[in-house]
Amino acid sequence: MNPKTGKSYTVADVHRDTGISPSAITQLKTGAKPNPTLKTVEALADYFGVETNYFTKQMSEEHVRRVVAGLELLAAAENSGVQALFARASGLSDQSLDMVRAVIETARKADGLDTSGGS
């Protein structure tokens, strides 16, 4: 999902922001162009906020899942206004982060929200 629009990325979005031709983007999406240039891979990695090896077989499936989960978390943070909370939590000890998690879980329960997604 495109965090700017809340919708799926479009070929036009990627073309506009990377300069990669729409036909090349479509060929990459469909697998018709299996070997893009390094310049194209770097442009796409920069655009999507991932490492270049995200687009290669060198990255393990687990790492890909973590990258995607991290990007989704960032998008959710941007969309829900919790960036300030993330920033304030940065640098806290593990014990302090556990206390913050407990407070958040208590608040989620009080609001009747699902708590099964915690880590």
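Mentor: Let us begin with Asp13, which is buried, with a relative accessible area of 10%. The model is a predicted one, in which local features need pLDDT of at least 70 and side-chain atom pairs count only at pLDDT 80 or more, while totals for chains, interfaces and linings use all residues. Residues are numbered from 1 along each chain as its sequence is written, and side-chain values use heavy atoms, with hydrogens and water left out.

Trainee: Why is Asp13 called buried?

Mentor: Buried means under 20% relative accessible area, exposed means over 50%, and partly exposed lies in between, with a 1.4 Å probe and protein chains only. Asp13 has a relative accessible area of 10%, and therefore counts as buried.

Trainee: Which residues is Asp13 in contact with, and where is its place?

Mentor: Asp13 has its place in helix α1, where a helix is a DSSP run of H or I with at least four residues, a strand is a run of E with at least two, and both are numbered from the N terminus. Contact means heavy atoms within 4.5 Å, and, leaving aside neighbours within four places in sequence, Asp13 is in contact with Asn2, Ser8 and Tyr47.

Trainee: What makes the pair Arg16 and Asp13 a salt bridge?

Mentor: The term asks for a side-chain nitrogen of Lys or Arg within 4 Å of a carboxyl oxygen of Asp or Glu. Arg16 and Asp13 have an N to O distance of 3.4 Å, and their side chains meet in a salt bridge. Both residues lie in helix α1 (residues 11–18), three residues apart, about one turn of the helix. As a general rule, an α-helix has 3.6 residues a turn, so residues three or four places apart point the same way.

Trainee: Is Arg16 buried or exposed, and which residues are linked with Arg16 in a network?

Mentor: Arg16 has 55% relative accessibility, and so counts as exposed. Asp17 itself is partly exposed, since its relative accessible area is 35%.

Trainee: How many salt bridges does the structure hold, and what is the N to O distance between Arg101 and Asp98?

Mentor: The structure holds three salt bridges; in one of them, the side chains of Arg101 and Asp98 meet at 2.5 Å, N to O. Arg101 and Asp98 are three residues apart in helix α6 (residues 94–110), and so are separated by about one helical turn. Arg101 is partly exposed because its relative accessible area is 42%, and Asp98 is partly exposed because its value is 47%.

Trainee: How do you know that the span of α6 is close to the one expected?

Mentor: The expected span is 1.5 Å times one less than the number of residues. With 17 residues, α6 reaches 24 Å from its first C-alpha to its last, close to the 24 Å expected. Just after α6, Gly112 takes a positive phi of about 70°.

Trainee: Which residues make up the largest nonpolar core?

Mentor: A nonpolar core is a set of buried Ala, Val, Leu, Ile, Met, Phe, Trp, Tyr and Cys residues joined through side-chain atoms within 4.5 Å. The largest one has six residues in all: Val14, Ile20, Ala24, Ile25, Leu44 and Tyr47. The elements that give two or more residues to this core are α2 (22–30) and α3. Leaving aside neighbours within four places in sequence, Ile25 is in contact with Val11, Val14, His15 and Ile20.

Trainee: How many helices and strands does the protein have, and in which helix is confidence lowest?

Mentor: The secondary structure comes to six helices and zero strands. Confidence is given as pLDDT, the predictor's confidence in each residue, from 0 to 100; it is lowest in helix α4 (residues 61–80), at a mean of 71, and highest in helix α3 (residues 38–48), at 90. The protein averages a pLDDT of 80, and 86% of the residues score at least 70.
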